[in-house]
Every structure is written in structure tokens, then in C-alpha cells.
Amino acid sequence: MEDRKFYDHPGFDLKGMARAVLVNLEHMNSKQGASTLTQQLARNLYLSHEKTLERKLKEAKYTVQMEMKYDKDEILEMYLNEIYYGHGAYGIESAARMYFGKPAKELNLAESAMLAGIPKGPTYYSPYNHMENAMNRQKLVLNAMVETGDITQSEADKAASSKLALLPQDRQENKATASFFRDYVRGLLTAKLNITEQQLEQGGLNVYTTLDPQAQQAAEEAVAKEMDGKGELETALVSVDPRNGYIKAMVGGKNYRENQYNHALAKTRQPGSTFKPIMYLTALASHEMTGVTMFNSQPTLFHYDNNRKTYKPSNFGDKYLGEINMRQAIAASDNIYAVNTILQIGPEKVTEMAKKMGITSTLESVPSLALGTSPISPLEMASAFAVLANNGKRVDPVAVLSITDAAGRSLYSAPEDEGEQVVEPAAAYVLTRMMEGVFENGGTGRRVSSLMKRPVAGKTGTTDTDAWLVGYTPELSTAVWVGYDKGREINTSEGRHAAPIFAQFTEKALENVPPKIFPIPENVVSVYIDPETGKLADADCPEKALEVFIKGTEPTEYCTEHGEEPNKKAKPADTVKQEERSWWSDFKRWWVE
């Protein structure tokens with residue numbers, strides 16, 4: 001099919017080349033080629049696929065050298081062992097075992113003709129992808145063999161009508177790891193990195209990616225364990241290293257064989273309350289609010305747009321907590337507090353912060369934005385939360401590190417990205433300390449706290465159709481989504497799968513990494529406050545809580561609700577201290593808490 005005169009020509013098919021020139025001149029384009037097997041092998045082994053005169057001259061040189069050094073059978077053997085047959089199978093032996101579960105020497109005529117037709121277009125002619133295309137291609141191969149006298153018409157008809165014992169693609173030994181990530185990388189190569197589909201189909205490229213095999217295995221295992229037997233319920237997980245933006249793991253759905261749609265990239269799902277930290281970061285960074293700013297959690301009708309519009313949110317289960325601070329609102333995912341916050345600081349500032357953190361989806365600057373009503377992809381959410389884990393520094397997500405051709409020449413190298421400081425480190429740290437409370441008693445992530453053996457911060461989110469947990473450690477920022485493809489509503493029990501997937505993945509992916517607390521940056525202070533008033537706690541306060549603040553935003557007045565001296569003023573030297581930045585103080589904080 002590729003080179004009928006292979007055994008007769010000296011490496012070049014001169015008649016075929018002349019015919020191709022005439023056809024191309026007639027159509028005024030490169031409509032037809034005339035590469036022999038030897039030329040194809042030389043190109044795949046030693047050269048790129050660029051269409052330049054220099055490359056063609058080198059191809060001719062290597063072709064002559066191969067024809068002089070090897071006999072035809074040896075060249076054919078090398079060709080068959082190098083060519084791509086789809087689904088990760090390079091070489092005829094791999095293809096024979098993948099498709100038919102036997103060594104190549106045991107293939108019958110029908111099986112051989114099927115495999116001989118695949119290299120022309122490994123995706124289009126794969127019997128796993130397009131059985132009809134594969135069968136039609138098989139008949140072309142058999143008819144060509146009849147024309148060349150290698151088989152009789154009777155043998156061709158018998159082979160074409162015989163039933164192929166094609167092995168199921170989804171058996172364990174056929175499963176490729178990171179299938180969704182592979183598709184994502186393929187899309188990047190063709191859309192942004194100037195690699196053609198033809199180059200990918202013909203093989204020979206070495207693509208080096210950021211994927212971490214251990215993290216990817218942990219992701220696939222967590223999804224498989226938690227989503228087994230859940231019907232049409234779908235999921236996605238994507239995890240990014242906050243320090244360099246490397247995408248370490250990606251699962252776009254629970255079964256790639258059944259559904260190749262990559263939910264990790266879907267920009268159609270509402271993030272719900274997982275969007276709130278972006279808003280709270282905006283409030284903290286502006287110094288308009290702190291962790292002890294109080295709002296009343298009760299049914300509220302909000303007026304906005306110069307009182308021309310109203311908005312009345314509600315809390316899950318109609319549970320309202322009365323006067324609460326930001327830390328309590330984050331842990332309980334209080335919606336009333338969130339809308340109060342966005343109306344105080346302004347929705348436009350929140351959308352601006354979101355863009356700085358890497359959110360590229362369109363956001364509506366309305367009060368409901370506080371509750372995550374604008375759709376955002378899991379990859380965007382993981383990347384945005386990575387800013388919090390990386391002391392306020394934004395690094396763009398990276399999947400492809402470098403590409404080389406068959407000869408080892410560099411075709412692409414990812415540029416170094418030192419990141420951009422989009423928010424002061426102290427603001428990111430203060431919010432992180434509050435988000436750690438999500439996994440403590442009273443927090444919405446408390447159900448999986450027993451699974452987490454290391455410091456972790458995060459936020460849950462639930463809408464009528466979506467359930468999320470987006471969280472991070474110093475090493476990984478991970479978004480997990482659960483829901484249905486067709487907008488079908490999820491119930492409470494279905495929504496509870498996101499948190500266990502996150503917890504199991506994080507612990508398994510980092511099992512060889514010692515637990516590490518979030519580093520304390522400059523300009524962070526800690527003070528004891530009275531939780532009821534948000535003021536400095538004095539000796540008479542029945543409860544005291546150690547809270548962190550951006551330096552200069554901490555309270556300066558004592559609580560007067562429990563003592564007899566209503567006008568006491570704080571003494572900053574006695575009551576406010578710079579958060580210590582030593583490993584011993586970090587260890588003590590983590591151990592005590």
C-alpha cells in the first residue's frame with residue numbers, strides 16, 4: 001500500500017516521483033507524494049517533517065546510505081518495528097498484541113491486512129475508533145495484494161469476509177494512563193505549538209510533559225474508587241504545582257473509553273462557593289475587611305444597582321448563624337456573609353482579582369458572583385487557588401516542557417516563568433489560615449479531615465447541578481468536580497463524592513513528601529481576639545482565639561463586653577506580635593492545632 005516497488009527500486013521510485021510531479025503541477029499544489037518506505041524510514045528515524053529543500057536533501061542522503069548498508073528485508077523490518085499503529089502502539093509486534101493478543105508471526109491474512117492499513121491514518125483507520133473505515137481499508141489492502149499477484153481473488157474474498165477476533169480496547173493491558181491529559185497535550189501541540197496532525201500521526205516526536213506518574217495514578221485510583229457504580233454521575237480532577245504551574249495530574253471523566261469529553265477543561269460548570277475565596281482575598285488585599293469583620297447571617301433582601309435591583313440569597317438548609325466573622329463564614333460557607341462582602345468591596349474588584357489569578361472565563365459583575373454563578377473550568381480553579389498556595393504569586397499552567405524530533409533536535413522548549421506577584425503574600429497567607437478551618441470541626445470539609453495527615457486549605461462548593469472541592473497544600477493545588485453532563489440536578493449524597501476524591505488523591509500523591517505547613521511571609525501578625533466582638537481579648541473574655549492579620553489591619557481596641565473597664569486601649573507592644581518565622585514555631589503551631 002505504501003510502496004509497491006519496494007523490492008525493485010534503489011531507494012527512490014523515479015517513475016512515482018515523475019507521476020507525482022505531473023499531478024502536483026496539474027493541481028498547482030503538493031497533492032501527491034512519492035516517498036518510498038526507505039525514505040519514510042529515514043525521515044522518521046533521523047529528520048523532522050518540515051517541508052524544506054535542506055530536509056529533502058538530507059532525506060535523500062540517508063536513504064542512499066540505508067540502501068547501501070542494509071538489504072531490503074532488514075529495511076522493511078526496521079520500518080515495521082518503527083511505524084505507529086495508534087493507541088500508543090509502535091511497531092507491528094506491539095500492534096499485533098494490542099489488537100489481536102498474539103505475536104506478529106501468528107497473524108493470519110485477514111489480521112495482517114487490517115493492520116497493514118492502519119499506518120496511513122492511525123486514528124481514522126483504527127478498528128477501535130472507526131470499524132467501517134478499517135474494514136474498507138482492509139479490502140483495499142487485499143485487492144492490492146491480488147493486483148500484485150501475492151494472493152488470489154478467492155483468498156482475498158475469504159479474508160475480507162472472515163470475522164476478526166479483535167480484543168476489547170478497555171482490557172487492563174490496553175489501558176493507557178492519563179488519556180485525558182494526552183488529548184489535552186495533543187490539542188496544545190496542534191493549536192499553540194505549531195505541530196501538525198501529520199507529524200503526530202507519523203510518530204517520531206518526543207514530547208516531554210509535566211505529568212507526575214505517581215500523582216496521576218493517585219488521581220485515577222481515587223476517581224475509580226469513589227465513582228464506581230455511580231451510574232451517569234461524572235467527575236473531573238486536575239492538580240497543579242503552585243510553585244511552577246506544572247500540571248501534575250488530570251482526570252477528565254470516570255471512563256475515557258465511554259466518554260472522551262474532558263470535564264477538567266469544561267467552562268460550563270458553576271463553581272459555587274469555591275469561588276468565595278477569590279472574593280475574600282480581594283477584601284483582605286484591599287484592607288477593607290479582616291478575618292474578624294462581622295456581618296449578620298440572616299435572611300436578607302439586598303438592594304444594588306442604585307436600588308434598582310434586588311437579590312435575596314439563602315443559606316443551605318436555611319441555616320443562619322447570626323453575627324459571624326469571615327473565618328466562621330468560610331468554614332460554614334455562609335452565603336449571606338458572602339453577598340454582604342461583595343457589595344461592600346464591589347463586584348468589579350472581584351472580577352479584576354479573578355483575572356489576575358488566572359480566571360479567563362467570562363464573569364458577571366453582579367452580587368450573585370459571590371456565590372459562584374459564573375461558570376469556570378476546574379483547571380482555572382486549580383490554577384487560581386495555586387496563587388494562594390504560592391504566597392500570592394501567579395504562574396501560568398504548563399503541560400509541555402519540550403519537544404524534540406527523532407534526531408534529538410529541539411522543536412520547542414517551554415519558556416521559564418518566574419511568575420507574577422498578583423497579591424501581597426500576607427493577604428494570601430491570612431486567607432489560607434482561615435481556609436484551613438474548612439477541614440476542622442464546624443467546617444464543610446470536616447467529613448474527610450481524618451483522611452488528611454498534612455496541613456491543607458480549601459473550599460467546598462455546591463450548586464443544584466455541581467459539587468466541588470478545591471484545595472491545596474504547599475506542593476499541590478487541586479480542583480475536583482462532580483456532576484452530570486446534561487445539567488441534571490445532583491442530590492446531597494451524590495455531591496459528597498468530591499471531598500473524598502480530593503482527600504484520597506492528595507494523601508496518595510504526596511505520600512513520599514513530608515507534611516509541610518504553609519510558610520509565613522513578612523507583614524503578618526497574630527493577636528488573641530474575642531470571637532463574639534472581633535476585638536482584642538482581655539483577661540475577662542471567656543473565649544480567646546488566636547487570629548492572624550495583615551500587619552496594620554489588626555484590631556486595636558479591647559473587648560469591653562466582659563470586663564469593668566470600658567475604655568481600655570490596646571498596647572501594641574504587649575498584645576500584637578509579628579508572626580514568628582522559624583521552623584520551631586511552625587512545628588509548634590501545626591502540632592498544637
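Mentor: A residue counts as buried when its relative accessible area is under 20%. The model we are looking at is predicted.

Trainee: What share of the residues of the protein count as buried?
Mentor: The protein has 593 residues. With the cut-off for burial at under 20%, the share that counts as buried is 51%.

Trainee: How many helices and strands does the protein have, and what share of its residues reach a pLDDT of 70 or more?
Mentor: The protein has 21 helices and 17 strands. The mean pLDDT is 89. The share of residues that reach 70 or more is 89%.

Trainee: Over which residues is the pLDDT below 50?
Mentor: Where pLDDT is low, the predicted coordinates should not be read in detail. One such stretch has 7 contacts in the model beyond near neighbours in sequence, and it covers residues 28-32. Another has 6 such contacts, and it covers residues 580-584.

Trainee: Among contacts between residues at least 6 apart in sequence, what share join residues at least 24 apart?
Mentor: A contact here means heavy atoms within 4.5 Å. Among contacts between residues at least 6 apart, the share joining residues at least 24 apart is 67%.

Trainee: Which residues have the most contacts inside the largest nonpolar core?
Mentor: The largest nonpolar core has 108 residues. A second, separate core has 31 residues, including Phe6 and Val141. Inside the largest core, the residues with the most contacts are Ile247, Tyr280, Leu431 and Phe505.

Trainee: Which residues does phenylalanine 505 touch, not counting residues up to four places away in sequence?
Mentor: Phe505 is one of the buried residues of H19. Leaving out residues up to four places away, phenylalanine 505 touches Ala215, Ala218, Ala219, Ala222, Leu237, Ser239, Ala249, Leu476 and Thr478.

Trainee: How many of the residues of H19 are buried, and how many does H19 have?
Mentor: The buried residues of H19 include Ala498, Pro500, Ile501 and Ala509. They pack against helices H11 and H18 and strands S2, S3, S13 and S14. H19 is mostly covered, the buried count being 11 of its 12 residues.

Trainee: How far apart are the end C-alpha atoms of helix H19?
Mentor: Helix H19 runs over residues 498-509. At 1.5 Å a residue, its 12 residues should span 16 Å. The model agrees with this, because the end C-alpha atoms are apart by 16 Å.

Trainee: What distance separates the C-alpha atoms of methionine 289 and methionine 326?
Mentor: Methionine 289 and methionine 326 are 37 residues apart along the chain. Met326 is among the residues in contact with methionine 289. Their C-alpha atoms are separated by 8.7 Å.

Trainee: Does asparagine 340 count as buried or exposed?
Mentor: Asparagine 340 is found in helix H14, residues 335-345. Not counting residues up to four places away in sequence, asparagine 340 touches Phe295, Asn296 and Phe302. At 18% relative accessibility, against a cut-off of under 20%, asparagine 340 counts as buried.

Trainee: How many disulfides does the count come to?
Mentor: A disulfide is a covalent bond between the sulfur atoms of two cysteines. In the model, a pair of cysteine sulfur atoms must be within 2.5 Å to be counted. The cysteine sulfur closest to that of cysteine 541 is in cysteine 559, and at 3.6 Å it is too far for a bond. By this rule the number of disulfides is 0.

Trainee: What is the relative accessibility of cysteine 541 and of cysteine 559?
Mentor: Both values fall under the 20% cut-off, so cysteine 541 counts as buried and so does cysteine 559. The value for cysteine 541 is 4%. The value for cysteine 559 is 1%.

Trainee: What is the phi of histidine 287, and what is that of asparagine 307?
Mentor: Most residues other than glycine have a negative phi. Histidine 287 has a positive phi of about 65°. Asparagine 307 has a positive phi too, of about 65°.

How values were computed
Residues numbered from 1 in each chain as written. Predicted model: local features only at pLDDT ≥ 70, side-chain atom pairs only at ≥ 80, totals over all residues. Heavy atoms only, no water. Helix = DSSP H or I, 4+ residues; strand = E, 2+ residues; numbered from the N terminus. Expected span 1.5 Å × (residues − 1). Buried < 20%, exposed > 50% of the residue type's maximum accessible area, 1.4 Å probe, protein only. pLDDT = per-residue confidence, 0-100. Core = buried A, V, L, I, M, F, W, Y, C linked by side-chain atoms within 4.5 Å.
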